[in-house]
Amino acid sequence: LSIYNKKLFIVGVLKLKIWLKLSIAIVLGTIAGIFIKVDVVWFNNLLKFLSDISINSLLYLTSIYIVLNFFIGFYNLIKEKIYLKILSIFIIVLLISIIFSAILSIGIMNLDILQVGSSFRIYQIKEKPLLLPSFGDILLKTINKNIFSIFTDSNIYILPLIFVALILSISSFLNQKKSIYFVEVVYSTEQILNLIVKAILEIFPFGAIFIIFYIVKNNFFPYELQEIVKSENINYMVVLKLIINCILISIVLIIIFSIFIRVVLKKNVFKILLSLLGATLTAFVTGNTAASLISLNEHLKKNSGIDESNANVLTPLALLLNRSGTIIVSSVILMTLLYIYHLNIITFSIQILLFFLIILFSFRLDGLNDIGHLSLVAMVLNFPYLNFEENSYLLFYLFVPLFSRISVAVDTLTSGFIITITSILTE
């Protein structure tokens, strides 16, 4: 009877909604991180290994997943002759989201109550400056001398994968008779891959416990910099106001999306939010844009009822181009740094320039899946005509684990909104 009850319990847990399992995992991981303070090298290494392998389980098939699903999705959209309509509406909604994010972030940060003041100081670590890819670097990564290198790179670059899938889908459509067997093989492979992916998504919440356990145990600081944190007695109270600002601006953006969906599109906002909750929590747990891609795509198809072809094409495009959450977090950090070092030059014209730079440079973040917000800050600070303190972004390097999770979670949620709105407008 005991064995039978255990089996029933395991089956019951597996049948829970993914967002509910992730919520439980976050609670359990947080409790474990707070109360289990074992500071032994082998235990820390084991915990890091379990955390890394849990995130890698989502990243392991992401590259081939993008290529296969985008190929099938775009191939179907070409056959149905609706790809131009869908992509044009998608781009419009995407740009509106990005522009609103920048306006809200910079505008709200002008409020005196949200500013930290010129006396704000935190410890600046001695780290090498971040490598900031240019548009040329991204283009060379997309059109490189070895097409297979995009599958073996340590970072997952979405644009090169989309480019490969786009070439294959267009060529297959233009030569339908010759490519019929190739297309059937891709369909079959994609179906098998989706079965594996769904199994991984169901199991991932168990690994999420170790991820949260690991980051909470380290107080949301990088493990390799714990000595600096302890010696300088650094904690997140230093940036509490900034965290609140990021959350506040994100909530305002989500409310704007929700009002549009409810008032203009006449859709159930709560149902849409609930359908995207699992993917949003996955993004928060991993803090990695690429790791949230599979989860978002599957949730859109399964929970939101989005057409599979639309989801397969728009999901990678959205996570590549939509950095609404990253823009919010970057703008809050950037405005804080300006108030610290350049309080006397934050004129309206400078803020307009920052607005355009943030939007422009947000398209240079492909491959920067877990540190995009800080890279965006660094890109703006390094803009040659502004003469800012170029490496002042390193003040916030210690706080990457939490800020990255906020930015990626909002990126994922707003991407879900953008894809949902696009699909509704093209029905």
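Colleague: How do the axes of H3 and H9 cross, and within what distance do they come?

Modeller: Helix H3 (residues 41-59) and helix H9 (residues 176-217) have axes that come within 8 Å and cross at roughly 140°. Axes are lines fitted to C-alpha atoms, for helices over the stretch in contact, with angles from 0 to 180 degrees between N-to-C directions. Helices here are DSSP runs (H or I, at least four residues), numbered from the N terminus. This is a predicted model, where local features need pLDDT of at least 70 and side-chain atom pairs count only at pLDDT 80 or more, while totals for chains, interfaces and linings use all residues. Residues are numbered from 1 along each chain as its sequence is written, and side-chain values use heavy atoms, with hydrogens and water left out.

Colleague: Which residues in H3 and H9 meet?

Modeller: Among them are Phe43, Leu47, Leu50 and Ile55 in H3, and Ile200, Phe204, Phe210 and Phe213 in H9. By class, the contact has twelve nonpolar, five polar and two charged residues. Ala, Val, Leu, Ile, Met, Phe, Trp, Tyr, Cys and Pro count as nonpolar, Asp, Glu, Lys and Arg as charged, and the others, Gly among them, as polar.

Colleague: Rings next. How many aromatic pairs does the structure hold?

Modeller: Eleven. Rings of Phe, Tyr and Trp (its six-membered ring) pair if their centres lie within 6.5 Å; planes under 30 degrees apart are stacked, over 60 edge-to-face, the rest tilted. Phenylalanine 71 and phenylalanine 182 have ring centres 5.7 Å apart and planes at 80°, so that pair is edge-to-face.

Colleague: Where in the chain are those two, phenylalanine 71 and phenylalanine 182?

Modeller: Phenylalanine 71 is in helix H4 (residues 62-80) and phenylalanine 182 in H9, 111 residues apart, so the pair links distant parts of the chain.

Colleague: Is phenylalanine 71 buried or exposed?

Modeller: Phenylalanine 71 is buried, at 2% relative accessibility. Phenylalanine 182, at 37%, is partly exposed. The cut-offs are under 20% relative accessible area for buried, over 50% for exposed and in between for partly exposed (1.4 Å probe, protein chains only).

Colleague: What about serine 415, which helix is that in?

Modeller: Serine 415 lies in H18 (residues 400-425) and is buried, at 0% relative accessibility. Leaving aside neighbours within four places in sequence, serine 415 is in contact (heavy atoms within 4.5 Å) with Leu296, Ala318, Leu319 and Asn322.

Colleague: Last one: how many of the 18 residues of H15 are buried?

Modeller: 17 of the 18, so H15 is largely enclosed by the rest of the structure.
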